[in-house]
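Welcome! Take a moment to look over the sequence and the model, and then we can walk through a few of its features together.

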Amino acid sequence: MLQILYLAQDLADPAVRRRILTLVAGGAKVTLAGFRRDVNSLAATHGIEPIELGVTADGRFAQRIGAVASACLSLKSKLANVGKPDLIIARNLEMLAVAKRAVALFGGGVPIVYECLDIHRLLLRKDVVGRALRATEAHLGRDARWLITSSPAFIEHYFRPLSGLDAPALLLENKVLEIDGPADRIADSAQCPVPGPPWKIGWFGALRCSKSLALLADFSRKMEGRFEIVLRGRPAYSEFEDFDAFVRNEPFMSFEGAYRNPEDLADIYGGVHFTWAIDFFEEGQNSAWLLPNRLYEGCRYGRVPIAMKGTETARFLSVRGIGLVLEEPNAESLAALLGPMTPDRYIEATEGVAQCNPGTWVFDRTDCEALVRRLTALAAETPEAIPTPAVPEPRHNEGGLL
């Protein structure tokens with residue numbers, strides 16, 4: 001059985017829980033260690049007690065550097081009861097530093113996989129700060145056997161031209177984890193509200209985009225109740241002036257709290273018609289390149305995704321001929337896109353989503369097992385045997401070594 005030490009930047013992140021469930025379902029034994037940013041009982045994984053390395057704060061980069069340095073100093077005692085793993089997966093840049101220290105403590109010979117699913121804006125700066133961070137990433141990642149990322153645009157726009165990393169890239173899209181049956185047997189789609197006013201737009205997951213919040217609020221007011229906005233997930237309170245008060249004061253917007261992923265997805269998507277698959281958090285950079293979790297989640301349950309023109313998400317939808325694309329990031333453009341919506345047009349749009357291969361949206365137990373087999377083979381290979389990257393074809397494949 002493959003023994004994996006998984007180092008997480010945020011133990012309260014539901015996406016970390018999903019990755020742990022993926023590896024365990026694939027047949028690996030996982031030890032989880034990382035930092036905690038807040039309390040989120042919904043991110044707990046049954047049977048796995050994480051090793052806490054310290055506390056970090058969202059949006060406070062300097063504090064996180066200090067926490068990483070402190071964790072590296074105390075890592076020997078923290079991992080005292082952990083046997084030498086076959087493989088270490090380091091999620092995000094700061095965990096690469098911890099992984100390097102862990103390898104030294106285990107006596108060397110443990111391959112590292114670097115998992116990076118977002119490109120922080122500091123890494124893209126053209127000044128001395130950006131150059132220093134990219135140099136740090138290249139240094140810490142010079143021995144990484146693989147790079148795991150979730151969008152081909154991250155590879156195209158950052159990892160190949162800017163990062164200095166040489167590791168082959170494994171594309172693992174943010175698909176819905178379903179380990180109880182193969183993707184080609186999907187039959188339990190969530191029941192949709194009756195098509196027609198009030199139309200409901202669901203914005204679920206990591207809520208960190210103040211521009212989206214303001215745009216959706218303006219739009220819902222403009223439409224005078226024909227459209228309602230439903231928010232679910234974890235608000236990044238550091239990115240909003242007062243998220244809770246703002247939502248309370250919006251007549252056609254509601255926040256309905258956190259949820260378990262994937263267990264609650266059918267219920268939450270069952271209450272909406274559309275998925276807000278737009279993010280302006282790092283506009284023109286990370287937000288333009290990512291393929292968000294909610295894109296796959298909403299389409300898995302037959303909801304119509306809304307993407308922003310010029311983004312990787314819009315290109316993804318265009319390849320499949322599905323979804324709606326917003327031309328301009330304002331309420332007027334959204335009203336022009338959605339205002340003429342009728343039940344017949346909506347049903348036609350959902351039928352397009354339903355015609356896609358279910359494997360486009362779902363990562364099932366067979367996929368989990370295949371991933372762990374590849375990681376097992378990687379752990380047994382010498383560095384010289386690792387394949388070099390190749391340009392992906394087609395652009396939006398169903399996952400694989402690029």
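## Helix 1 and its ends

Most of helix 1 is covered, with ten of its twelve residues buried. Keep in mind as you look that this is a predicted model. Among the buried residues are Val-16, Ile-20, Leu-21 and Leu-23, and also Arg-17, Arg-18 and Arg-19.

The helix runs over residues 14-25 and spans 16 Å from its first C-alpha to its last, close to the 16 Å expected at 1.5 Å a residue. Just after helix 1 comes Gly-27, which takes a positive phi of about 110 degrees.

## His-120 in its loop

Now move along to the loop between strand 5 (112-115) and helix 4, where you will find His-120. With a relative accessibility of 26%, His-120 counts as partly exposed. The His-120 side chain reaches the backbone nitrogen of Leu-122 at 3.0 Å. Ten residues separate His-120 from Gly-130 in sequence, and their C-alpha atoms are 10 Å apart in space.

## Where helices 4 and 5 meet

How do helix 4 and helix 5 pack, and at what angle? Helix 4 (residues 128-140) and helix 5 (residues 152-163) pack at about 85 degrees, and their axes are 11 Å apart. The two helices are therefore roughly perpendicular to each other.

Helix 4 brings Arg-134, Glu-137 and Ala-138 to the contact, while helix 5 brings Tyr-158, Phe-159, Leu-162 and Ser-163. By type, the residues of this contact are four nonpolar, one polar and two charged.

Note on methods. Residues numbered from 1 in each chain as written. Predicted model: local features only at pLDDT ≥ 70, side-chain atom pairs only at ≥ 80, totals over all residues. Heavy atoms only, no water. Axes fitted to C-alpha atoms, helices over the stretch in contact; angles between N-to-C directions. Helix = DSSP H or I, 4+ residues; strand = E, 2+ residues; numbered from the N terminus. Parallel < 35°, antiparallel > 145°, perpendicular 65-115°, else oblique. Contact = heavy atoms within 4.5 Å. Nonpolar A, V, L, I, M, F, W, Y, C, P; charged D, E, K, R; others polar. Expected span 1.5 Å × (residues − 1). Buried < 20%, exposed > 50% of the residue type's maximum accessible area, 1.4 Å probe, protein only. Polar contact = N/O pair within 3.5 Å; in protein donor to acceptor, adjacent residues only side chain to side chain.
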